[in-house]
Amino acid sequence: MSPVVYASLCVLVPLAWGVMVVWVSNRVEAIVARRRARAGKAAPPLPPTEYHI
């Protein structure tokens, strides 16, 4: 494997993993909020989640 390919993978794989984790957590939050709204419960006042990648 060439050094350029290896260096690219060292950057792109963790970046893609981080984007996937943020996307999945946003989907989970949306599902929970939808279920809570359907059940008629008020969402507790939570501070916004800050992601640091």
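User: Where is Ala-7 found?
Analyst: Ala-7 is found in helix H1, helices being DSSP runs of H or I with at least four residues, numbered from the N terminus. This is a predicted model, in which local features need pLDDT of at least 70, side-chain atom pairs count only at pLDDT 80 or more, and totals for chains, interfaces and linings use all residues. Residues are numbered from 1 along each chain as its sequence is written, and side-chain values use heavy atoms, with hydrogens and water left out.

User: How far is Ala-7 from Ala-33?
Analyst: Their C-alpha atoms are separated by 40 Å, with the two 26 residues apart along the chain.

User: And what does H1 reach from its first C-alpha to its last?
Analyst: H1 has 36 residues and reaches 53 Å, close to the 52 Å expected at 1.5 Å a residue, where the expected span is 1.5 Å times one less than the number of residues.

User: What follows H1?
Analyst: H1 is followed by Gly-40, whose phi is positive, near 85 degrees.

User: New topic: where is Val-32, and how accessible is it?
Analyst: Val-32 lies in helix H1 and counts as partly exposed, at 37% relative accessibility.

Definitions and conventions. Helix = DSSP H or I, 4+ residues; strand = E, 2+ residues; numbered from the N terminus. Buried < 20%, exposed > 50% of the residue type's maximum accessible area, 1.4 Å probe, protein only.
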